[in-house]
Amino acid sequence: MTSGDEKLQEMLKHAIGPAGTELQRDLWPNMLARLQEKSTAVPWFDWVLAAVALLALLIYPHTIPVLLYHL
Amino acid sequence: MNTHPYVRAYMGGIATPTMVLLIVLTAFVLARFVFAIPVPIERAIIFPMAIVPNLFGVWNMLYLWLRPHQHLPIGLHGAILPFILAPSGYALGRALNVLNLQSNGLVYFQTLTVAYSHMAIAFIFGLIVYYLVWKYFVAFFNRVLGIG
């Protein structure tokens with residue numbers, strides 16, 4: 001490394017300054033909150049819809065090929 | 001940095017129908033080659049195989065594009081899709097001569113007649129399934145891909 005390179009390196013260090021390697025805050029409480037977060041519950045309305053769809057399929061099974069083709 | 005959100009939306013959209021396609025394809029193959037049902041299923045299979053997953057991908061891209069302008073819940077956005085798929089399937093079926101219109105209902109492969117009342121039930125079933133699939137499955141893949 002030439003003296004010019006060393007000078008340039010010094011100038012860069014001086015201009016940019018040291019990088020912040022320390023954490024600004026503790027991240028563990030956020031992680032714990034994320035882990036304890038409850039998964040979104042399925043609303044009753046969606047259960048009813050799923051039940052109605054299943055019932056329709058059981059009552060009218062001959063529509064299954066139509067559904068396989070169109071959906 | 002370009003994070004290609006529309007490519008991710010496309011991928012998030014096609015994931016669910018691609019998996020379901022395995023079931024559809026298995027049903028088609030079993031019907032044709034195991035139970036030897038004498039209908040040209042391979043003529044009709046292009047619709048669920050090629051068009052439906054791609055349409056899911058494009059529809060999810062549209063959802064991402066529309067989101068800043070108007071926020072329609074993803075389930076309702078998905079429930080609009082059968083209004084496009086049903087007539088498209090019908091038009092393709094007519095073009096490929098696998099679907100005919102008769103006074104008592106639609107005739108698939110010149111063998112399976114489905115009454116119009118049953119078609120209406122099938123359509124409502126489709127709306128419900130699409131609503132739930134988009135609300136839970138496509139939304140899940142969108143979250144996984146960071147666009148949810």
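These notebook entries record what I looked up in a predicted model with chains A and B.

**Ground rules**

I worked on a predicted model in which local features need pLDDT of at least 70 and side-chain atom pairs count only at pLDDT 80 or more, while totals for chains, interfaces and linings use all residues. Residues are numbered from 1 along each chain as its sequence is written, and chains are lettered from A, with ligands numbered from 1, in the order in which they are written.

**Entry 1: chain A**

I began with the secondary structure, taking helices (H or I, at least four residues) and strands (E, at least two) as DSSP runs numbered from the N terminus. Chain A has 4 helices and 0 strands, and from the N terminus on its elements run α-α-α-α.

For burial I called a residue buried if 20 or more other C-beta atoms lie within 10 Å of its own, exposed if 12 or fewer, and partly exposed in between, with C-beta atoms placed from the backbone. By that count 8% of the 71 residues of chain A are buried.

I then looked at H1(A), residues 3-16, whose 14 residues reach 20 Å from the first C-alpha to the last, close to the 20 Å expected at 1.5 Å a residue; the expected span of a helix is 1.5 Å times one less than its number of residues. The number of buried residues among the 14 of H1(A) is 0, so this helix lies largely in the open. After H1(A) comes A:Gly17, and I noted its positive phi, near 85°.

**Entry 2: where chain A touches chain B**

I counted two residues as in contact if their C-beta atoms, placed from the backbone, lie within 7 Å. On that basis 17 residues of chain A are in contact with 20 residues of chain B. H3 (44-59) and H4 (64-70) of chain A each supply at least two residues of the side that touches chain B, and the largest share of that side, 7 residues, comes from H3(A).

For residue classes I took Ala, Val, Leu, Ile, Met, Phe, Trp, Tyr, Cys and Pro as nonpolar, Asp, Glu, Lys and Arg as charged, and the others, Gly among them, as polar. The side of chain A that touches chain B divides into 13 nonpolar, 3 polar and 1 charged residues.

I next followed H3(A) to H6(B), residues 116-144: their axes come within 10 Å and cross at roughly 145°, where axes are lines fitted to C-alpha atoms, for helices over the stretch in contact, and angles run from 0 to 180 degrees between N-to-C directions. The crossing is left-handed, a term for the near helix being turned anticlockwise from the far one by less than a right angle, with right-handed used if clockwise. Among the residues that meet are A:Leu49, A:Val52 and A:Ala56 in H3(A) and B:Phe125, B:Ile128 and B:Leu132 in H6(B). By class, this contact has 12 nonpolar, no polar and 1 charged residues.

**Entry 3: chain B**

Chain B has 6 helices and 3 strands, in the order α-α-α-α-α-β-β-β-α from the N terminus on. Its C-alpha trace spans about 55 × 30 × 25 Å along its principal axes, and 28% of its 148 residues are buried. Of the contacts in chain B between residues at least 6 apart in sequence, 75% join residues at least 24 apart.

I examined H1(B), residues 5-34, against H3(B), residues 46-66, and found them packed at about 150° with their axes 7 Å apart. The two are therefore roughly antiparallel, given that angles under 35 degrees count as roughly parallel, over 145 as roughly antiparallel, 65 to 115 as roughly perpendicular and the rest as oblique. Their crossing is right-handed. The residues making the contact include B:Tyr6, B:Tyr10 and B:Leu21 of H1(B) and B:Val52, B:Phe56 and B:Trp59 of H3(B). The contact of H1(B) with H3(B) has 16 nonpolar, 7 polar and no charged residues.

**Entry 4: two residues of chain B**

B:His4, in the segment before H1 of chain B, has phi near 50°, a positive value in a residue other than glycine. B:His4 is exposed, with 10 other C-beta atoms within 10 Å.

B:Tyr63, in H3 of chain B, is buried, with 22 other C-beta atoms within 10 Å. Leaving aside residues up to four places away in sequence, B:Tyr63 touches B:Ile74 and B:His77. The C-alpha atoms of B:Tyr63 and B:His77 are separated by 7.2 Å, although these residues are 14 apart along the chain.
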